[in-house]
Amino acid sequence: MSETPSLPPAPAGERLPWRIRRASTPGWMLALGIYALSRALSTTLLAAMYSLAVANDWEFASRRPEGGFFAFLGSWDASFYRQIAENGYPSTLPRDDTGMVAPNEWAFLPLFPWLANGVRAITGLEFYPAAVLVATLCGAGAAVVLFLLTRAKVSQQAALWATAFFCFGPLGFLLQVAYAESLFLLLTFGSLLALVRRHYWLLTVLAMAAAFSRPGALAIALALGIHLVLRWVGDEPFPWRDRISIVLGGILISAAGLSWPFIASAATGSENAYLETELAWWVPLVGRQEFVPLAPWFLLAARWAGAAGIVAVVAVVALSVVFLTRKSTLALGSEIVSYAASYGLYLFAVFLPQQSTLRLLMPLAPLLASDLFTSTPRRRWAVLSIGAALQPVAIVLLWFLSFP
């Protein structure tokens with residue numbers, strides 16, 4: 001579908017004015033150009049920080065057994081992805097001195113390391129360069145699909161600004177590091193675009209793939225359930241073919257999203273292998289805990305701030321509801337809003353908020369197309385500038401003080 005009216009060719013030897021040339025450029029190419037510019041910024045910042053760290057012998061927050069710039073881009077938990085790619089998952093859960101399960105590869109899903117391993121086999125690259133290549137290409141796809149998704153609901157200008165906010169945001173550099181974020185974002189945005197376009201079987205395939213790239217795909221299943229209800233009671237024609245596709249798709253996505261704990265248990269012989277592995281990451285923050293759905297945010301808040309923390313959590317939930325019910329947010333369409341609500345509920349139900357919280361909020365990027373962020377030039381440039389300015393701050397924090 002054409003996004004802009006066709007323009008007559010320019011006379012020979014005559015240059016088209018920039019405004020007209022820009023109008024004749026397909027929107028997805030403009031989104032890809034935004035992504036390329038953002039990669040230039042992020043790469044420059046990452047390279048500068050790496051050079052400073054090496055020159056001044058700075059200590060990194062995460063263990064890095066290797067040197068080099070690509071190993072720098074494979075910091076944090078990327079070593080677990082490499083272990084999966086090279087040796088697979090452990091058949092026995094590692095345990096600490098107290099006998100409790102220690103952090104291990106079962107916390108990480110296999111699609112990203114498998115793709116990186118495939119690129120490594122084809123190109124001969126080492127794991128970290130191959131993983132960075134996969135992540136960067138997926139980041140490009142995520143930026144383009146985000147544009148197409150938001151363009152289906154708002155003007156091209158607003159969709160391009162939302163794409164720019166996403167690419168240049170405080171954690172924009174995560175789109176090119178050896179992490180599964182950009183892959184999950186590509187598959188998630190693709191699933192939502194398929195939902196908007198009523199391509200339910202494509203949505204099912206993409207969401208099932210997302211379920212094996214990073215936790216969180218169950219939110220897509222919930223959003224699909226909400227979509228089923230809205231179509232059932234709405235005025236849009238709803239043939240039985242679509243009803244069956246939605247129901248079967250929701251079942252398959254839910255099964256994929258719930259399958260990993262069973263796979264981990266079967267492979268290790270430990271009944272709660274996946275849950276105990278995930279809880280191992282909670283220990284530095286809240287100690288050893290039993291998992292209770294909907295409790296993690298309150299648990300952390302009470303541990304670190306007492307009653308004031310509980311009040312803060314309630315305030316965050318209330319503000320989220322207010323934002324999602326604003327007229328400018330609802331204008332993005334039921335598909336985007338229902339997914340945002342579903343994903344927010346998922347994070348609240350199972351995730352312990354910590355330094356990775358902002359990273360895990362990146363799938364909510366379609367909300368950046370709201371008028372709240374794009375309505376005026378001053379507001380647009382302020383959001384873009386603040387996001388870009390915070391990138392070097394985030395790099396320092398996440399490489400040298402903590403990790404996401």
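A pocket, as the term is used here, is an open set of grid points where a 1.4 Å probe fits, with protein on both sides within 12 Å along at least five of seven lines. In this predicted model, the second largest pocket holds about 1,200 Å³ of space. Its lining is made up of 38 residues, of which Ser320, Phe323, Leu361, Leu364 and Leu367 are the closest to the centre. Several helices each give two or more residues to this lining: H7 (156-168), H14 (296-324), H16 (334-350), H17 (357-360) and H19 (377-401). The greatest contribution comes from H14, with eight residues. By residue class, the lining of the second largest pocket comprises 31 nonpolar residues, seven polar residues and no charged ones.

With residues up to four places away in sequence left aside, Ser245 touches Tyr200 and Trp201. The side chain of Trp201 also makes a polar contact with the side chain of Ser245, at 3.1 Å. A further polar atom pair involves Arg241, whose backbone oxygen lies 2.8 Å from a polar atom of the Ser245 side chain.

Definitions and conventions
Residues numbered from 1 in each chain as written. Predicted model: local features only at pLDDT ≥ 70, side-chain atom pairs only at ≥ 80, totals over all residues. Heavy atoms only, no water. Contact = heavy atoms within 4.5 Å. Polar contact = N/O pair within 3.5 Å; in protein donor to acceptor, adjacent residues only side chain to side chain. 1 Å grid on protein atoms, 1.4 Å probe; cavity = no way out; pocket = protein on both sides within 12 Å on 5 of 7 lines; lining within 4 Å. Points joined across faces, edges and corners; volume = space filled by probe spheres on them. Helix = DSSP H or I, 4+ residues; strand = E, 2+ residues; numbered from the N terminus. Nonpolar A, V, L, I, M, F, W, Y, C, P; charged D, E, K, R; others polar.
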